[in-house]
Amino acid sequence: MNEISSSVDEKEEQDKYTVLLPTYNERENLPIIIWLLVKYFTESNHDWEVIIIDDGSPDGTLDVAKELQEIYGSDRIVLCPREKKLGLGTAYVHGICNATGNFVIIMDADLSHHPKFIPKFIAKQKEGDYDIVTGTRYAGEGGVYGWDLKRKFMSRTANYITQLLLRPGITDLTGSFRLYRKRVFRQLILSCVSKGYVFQMEMMVRARKNNLTIAEVPITFVDRFYGESKLGGDEILGFLKGLAYLFATT
């Protein structure tokens, strides 16, 4: 794999932040998360856009996204729908082709990641000119709310195993609320082969392997308000297989 380099020479007069928001059956959550994104980007005076990548949601998520585009404008809300679910990594690849920002933010659309932390991500990135800023549930004031003891135990155990085997140098390898330089993000995606939840882990492992600079910001993760969790037996099995792959190849 070609070495991935940071893009400190890609300074623009004004930074712009592209939020990549994959969705599947998020009809109830989407208007709320968009309103919150608009609120915090406006209050912090940052240039922004949101790219919604809907994977053929049967609940009408795309129709809601179109209404939001009419409200906020096509320059702020960009729609990149797909016919069906094709995986998280390919959703990001599909979305980033339309990104006009020089930074990319990835987050969940189900309100588990609160946009109030985005200004903190941006401030942290500028503080050290980092390539990546990632949210952490397991350091500082970070935490998880709304999970039962079983789910918390599973998450802690998964994080502990990944720390033990992969030694990524960050406290929350399985998280998915992050800010990247766009060029770094694109190169990392193209270098990754994992799918599902392991994809986020591989992104960080390969970032460390390529000596990219990473900072962490404590976040509070809140379980989804509407809809059902997409974590199931297949995802857990995929996590274990992916972990074994990363341990053997990185």
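Which helix does Leu 165 lie in? Leu 165 is part of helix α5, and we will come back to this residue below. Keep in mind as you look around that this is a predicted model.

## The sheet

Let's start with the strands. An open sheet is built from 7 strands, and their order across the sheet is β3-β2-β1-β4-β7-β5-β8. The pairing in this sheet is mixed. At the edges you will find β3, residues 77-79, and β8, residues 214-218, each of which pairs on one side only. On average, neighbouring strands are turned by 25° against each other, if direction is ignored.

Now zoom in on one pair. Strand β2, residues 47-54, runs parallel to β3, and 3 bridges join the two.

Helix α2, made of residues 61-72, lies across β1 (16-23), β2 and β3. The angle between helix α2 and β3 is about 145°.

Helix α7, residues 198-209, also packs on the sheet. The strands that helix α7 touches are β4 (103-106), β5 (132-136), β7 (178-181) and β8. Compare its direction with that of β7 and you get an angle of about 45°.

## A nonpolar patch on the surface

Next, turn to the surface. Tyr 160, Leu 164, Leu 165 and Phe 247 form a nonpolar patch there, and together they have about 420 Å² of accessible area. Helix α5, residues 149-166, gives the largest share of this patch, with 3 residues.

Here is Leu 165 again, as promised. Leu 165 counts as partly exposed because its relative accessibility is 34%, which falls between the 20% limit for buried and the 50% limit for exposed.

Is Asp 55 buried or exposed? Asp 55 is buried, because its relative accessible area is 9% and buried means under 20%. You can find Asp 55 in the loop between β2 and α2. Leaving aside residues up to four places away in sequence, Asp 55 touches Thr 23, Tyr 24, Arg 82, Glu 83, Lys 84, Lys 85, Leu 86 and Gly 87.

Asp 110 sits in the loop between β4 and α4 (118-128). Asp 110 is buried too, with a relative accessible area of 11%. To finish, look for Asp 223: Asp 110 and Asp 223 are 113 residues apart in sequence, yet their C-alpha atoms are 8.3 Å apart in space.

Key: Residues are numbered from 1 along each chain as its sequence is written. This is a predicted model: local features need pLDDT of at least 70, side-chain atom pairs count only at pLDDT 80 or more; totals for chains, interfaces and linings use all residues. Side-chain values use heavy atoms; hydrogens and water are left out. Two strands pair if DSSP finds at least two bridges between them. Helices (H or I, at least four residues) and strands (E, at least two) are DSSP runs, numbered from the N terminus. Axes are lines fitted to C-alpha atoms, for helices over the stretch in contact, and angles run from 0 to 180 degrees between N-to-C directions. Contact means heavy atoms within 4.5 Å. Patches are made of residues with over 30% relative accessible area and no salt bridge: like charges are joined within 9 Å, nonpolar side chains (Val, Leu, Ile, Met, Phe, Trp, Tyr) within 5 Å. Accessible areas come from the Shrake-Rupley method with a 1.4 Å probe; for residues, only the protein chains shown count as cover. A salt bridge is a side-chain nitrogen of Lys or Arg within 4 Å of a carboxyl oxygen of Asp or Glu. Buried means under 20% relative accessible area, exposed over 50%, partly exposed in between (1.4 Å probe, protein chains only).
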